[in-house]
Amino acid sequence: MEVWNNIYNVFDPVAFSLFGISVRWYGIMYVAALLLALFIAQLFIKKDAYPIKEELLNSYFIWVEIGVILGARIGYIVFYDPFAFYYLSHPWEIFNPFDRNGNFIGISGMSFHGAVIGFLIASFIFTKIKKVNFWLFADLAGLSIPLAYVFGRIGNFLNQELVGRETTNPLGIYVDSVLRHPSQLYEAFLEGIVVFVILFLYRKKAHFVGEIGLLYIILYSLARFIAEFFREPDLQLGFIAFNWLTQGQLLSLIIGALGLYFLTQKAKSG
């Protein structure tokens, strides 16, 4: 286990350099996640006979990806960044990958909960313009996102970010000489694999269009709430209440509660 415990001491987050720009494993995992989500969606369209043509799916994919990127970045700034006011008053800096000296440093700071909001807004606008069923696409997304999400969390792990809390567990890894939970991998398992298996097995039993999409929101929120107990709170925020509640848990409770509300309302309306 010693090699595993010290993996951060020997693993380089940078995969390679291209024209002087460092390409990190995180970016590669992000692209892999996007491609996998699209591939899985295409499989389910065929397997479960979704009435969605490939051309419409590809168009939808572009829309929601823009929504996810914008939502994830802006969400991080609003929910987590201590310099939120600066960025909101200087919006051109939000996606600036260079520091003040002109060095390329990439863009860091993405929020999943912000990505959900951006995804929903983009989906709503797209389905209104195309005059298609919003909930049908929500169901497809609920099945397509979880496994792709695994790659995102692996990317966090390889990028040595969002580290876990201190532990004595032999599965821990050293981060700056402190043994910590590999919480990113816990999240990949709980929020990705476990959620996907549940939805995959349940999908044929769904009672109405939109149920799978809403169940994804609820299950993800529950899994994220649990996983946060192993994840180090954001340094700039710490615990926000009761000396144990994190910002991620609070946002998960809010979004999960909204998902549960809409689920019960749609169940009542049939």
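This is a predicted model: local features need pLDDT of at least 70, side-chain atom pairs count only at pLDDT 80 or more; totals for chains, interfaces and linings use all residues.

Analyst: Residues are numbered from 1 along each chain as its sequence is written, and side-chain values use heavy atoms, with hydrogens and water left out.

User: Why is Arg 153 called buried?

Analyst: Buried means under 20% relative accessible area (exposed is over 50%, partly exposed in between; 1.4 Å probe, protein chains only). Arg 153 has a relative accessible area of 6%, so Arg 153 is buried.

User: What does Arg 153 touch, not counting residues up to four places away in sequence?

Analyst: Contact means heavy atoms within 4.5 Å. The residues that Arg 153 touches include Leu 162, Glu 187, Tyr 220 and Arg 231. UniProt, in an unreviewed entry, lists Arg 153 for "binding site"; such annotations may be inferred rather than shown by experiment.

User: How do you know that the span of α3 agrees with its number of residues?

Analyst: The expected span of a helix is 1.5 Å times one less than its number of residues. The 23 residues of α3 should therefore span 33 Å, and the end C-alpha atoms are 32 Å apart, which agrees.

User: Which residues of α3 are buried, and what do they pack against?

Analyst: Among the buried residues of α3 are Met 29, Ala 37, Phe 44 and Ile 45. The buried residues of α3 pack against α4, α7 and α8.

Note on methods: Helices (H or I, at least four residues) and strands (E, at least two) are DSSP runs, numbered from the N terminus.
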